[in-house]
Amino acid sequence: MPDLVREPVRLIGLGNLFRGDDAAGIVLAERIRREKIPWLEVLLHYGDGASLIPLWDKIKRVILVDAVCAGGTSGRLICFDLQKEAFPENLFSVSSHSLGIPEALQIAKKLHQKLPAEFIFFGVTAERFNLGSKPSFNMDSLGDLFVRRIKTQLANWLDPKEENRCTSLRS
Amino acid sequence: MKKTRTIKIDTLARVEGEGSLFLRVKNGKISSARLKIFEPPRFFEAFLRGRSYEEAPDLTSRICGICPVAYQMSAVHAIEDIFGFQASPLVRSLRRLLYCGEWIESHALHVYLLHAPDFLGYDGAAEMAGDYPSEVERGLQLKKAGNAILEMLGGRSVHPINVRVGGFYRIPSRKDILPLVEILKKARKAAIETVRWTASFPFPDFERDYLFVSLRHTDEYPMNEGRVVSGNGLNIPVKEFSRHFEEQQVSHSTALHSVFKGSGIYFAGPLARYNLNYDLLPPSIKKAAGDSGVGSSCRNPFKSVIVRSLEILYACEEALEILTHYDPSPSFSSPRVKGVEGEGCAITEAPRGILYHHYRVDRDGLIQSATIIPPTSQNQKVMEEDLAAWAGRFLDLPDEKLRWKCEQAIRNYDPCLSCSTHYLKLHVDRSDVADA
């Protein structure tokens, strides 16, 4: 990529390392962190949706990554542009805390300037959330695909092209 | 008109964890009220066996993401009880500071995002945020302030990693903690507004003669230390808790129920703390309580939202007090605690009430047995009683509205349902197979 001064991007990986597929957001965030992209800040978030809102406050470009219940094969990557698309709430039928991402997004939308101008969500389709369970798919191989998708997204923000645009259910 | 009516709420909204309610009405009266918890058993007490005592704080903190500090504090105090270890005044202050952070963030989450919608007529916080954006912002600010304490002192806000038997892995310097002062001064202002706001809510006229149980300390509002006291005169050291309280398995819940032997059903949590320790609150908090209309005692569970707001204010002031006097020696570090064989226990005041831990450790420092009794487990019976008493007033309502009334009764307790399912005893009857 061209070496230009860029608007900082914050990527937030969400999940729980001890709940099977729910580790996906954390594992993939750590994977992209190892790429050491200089203008990409990576945060890990293990908590509830209410404490998520301040993490994207006043940040112009944010990427979230988390496990979702989309049906079908687990370990697929799906993508939503949260500024342009309605977020399917049924992707989060499982939550170990009282406020999940859909609720956090709804609350943030109602508050003043609480959603980033560029806001992308990457979901990893999941099926196993039991405490102490192992993931149902290979997270290492998904990590390579995730890195390519993130780099594509970052490139798109630098130089928007139709083929790089985030579209739903594309993996 | 039907003689028998059954109300089922399959999934409770705006509570932490998975639970449902069951209400049976027969001949115009409530014949059965049950809080069914179907969080899967989590077996923490079982898999703690064979682990080192040093792992207890980190393992038990995984029981809950909203109140992990409570588990860590009860764990370290119970382990230190086995070894006869007394924490230094500095560590004691820091542990109290950490608990202040948890009280602030947990109570703020409950007050603003889970409970307030009930009083203002909204289905949830998202709808409420549209009409009350400043108030919701204030709640998020308070939660962020509480999390800031946990991050600075605990290493992170969810499942803190800096707590250990004996103290902390890293003691913060005065320079580390100074940024918290400004954050907490602003949080204190937000907490004052929170008390005023919740005091303005419309409250139903609903009081019962509860048997409150909490810790009581000699000279401070209880968090980490104290004796166990009750509204009917119990005053015992924590060591005697199991002689007076016992757990029971019930068929309709994966969480064990608790009873006070000889007295029956009891009530733990902010209302209990407040009623049994009001005299120990600072004048500023008593004044705020007086201005809010709560006064020196409160038996209306709906007004627990005001009491939680008062506890947020108290925690902000207590945290500021600790920070003001915090000045550790640069060479100070938490001692390593040498383990011995034995058993010990502790109770600390989680945001939702008394949290009991008991451990037995062998001479190699391995845990042989663990017992953990969370506050929500202890409150299940009183929640069911409240449900029956409250819902009994609204039997003329259609099912949908009656369901809403039932959920409100449960949300008064800010239940943490996933905390309460810590262990399930399994008995398999094979007698019919053996006889075949």
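Trainee: Which order do the three strands of the open sheet in chain B have?

Mentor: This is a predicted model, and in it chain B holds an open sheet of three strands with antiparallel pairing. Reading across that sheet, the strands come in the order 6-7-8.

Trainee: Which strands stand at the edges of this sheet?

Mentor: Strand 6 (213-216) and strand 8 (235-236) of chain B each have a single partner strand, so one side of each is left without a neighbour in the sheet. Strand 7 (residues 227-230) pairs with strand 8 of chain B in the antiparallel sense over two bridges, and Val229(B) has Asn235(B) in strand 8 as its bridge partner. The strands at the edges are therefore strand 6 and strand 8 of chain B.

Trainee: Which helix packs on the sheet?

Mentor: The helix in question touches strand 6 and strand 7 of chain B, and its direction makes about 55° with that of strand 6 of chain B. It spans residues 270-277 and is helix 9 of chain B.

Trainee: At what angle do helix 6 and helix 7 of chain B pack?

Mentor: Two packed helices are described by the angle between their axes and the distance between the axes. Helix 6 (residues 133-154) of chain B passes helix 7 (residues 174-199) of chain B in a left-handed crossing, and the residues that meet include Leu142(B) and Ile149(B) in helix 6 and Leu180(B) and Trp197(B) in helix 7. By class, this contact has 13 nonpolar, two polar and five charged residues. The axes are 9 Å apart, and the angle is about 145°.

Trainee: How many aromatic pairs are there over all chains, and which class does the pair of Phe245(B) and Tyr266(B) belong to?

Mentor: The count comes to 27 aromatic pairs over all chains. For Phe245(B) and Tyr266(B), the ring centres are 4.9 Å apart and the planes stand at 65°, and because planes over 60 degrees apart count as edge-to-face, the pair is edge-to-face.

Trainee: How many residues apart in sequence are the parts that this pair ties together?

Mentor: Phe245(B) is buried, with a relative accessible area of 5%, and Tyr266(B) is buried as well, at 1%. Phe245(B) lies in strand 9 (residues 245-248) of chain B, whereas Tyr266(B) lies in the loop between strand 10 (257-260) and helix 9 of chain B, so the parts tied together are apart by 21 residues.

Trainee: Which class does the aromatic pair of Phe302(B) and Trp390(B) belong to?

Mentor: Both Phe302(B) and Trp390(B) are buried, and the pair links parts of the chain that are 88 residues apart. The rings lie 4.6 Å centre to centre with 55° between the planes, and the pair is tilted.

Technical notes
Residues numbered from 1 in each chain as written. Chains lettered and ligands numbered in written order. Predicted model: local features only at pLDDT ≥ 70, side-chain atom pairs only at ≥ 80, totals over all residues. Heavy atoms only, no water. Axes fitted to C-alpha atoms, helices over the stretch in contact; angles between N-to-C directions. Helix = DSSP H or I, 4+ residues; strand = E, 2+ residues; numbered from the N terminus. Left-handed = near helix turned anticlockwise from the far one by under 90°. Contact = heavy atoms within 4.5 Å. Nonpolar A, V, L, I, M, F, W, Y, C, P; charged D, E, K, R; others polar. Pairing = 2+ DSSP bridges. Phe/Tyr/Trp six-rings, centres within 6.5 Å; stacked < 30°, edge-to-face > 60°. Buried < 20%, exposed > 50% of the residue type's maximum accessible area, 1.4 Å probe, protein only.
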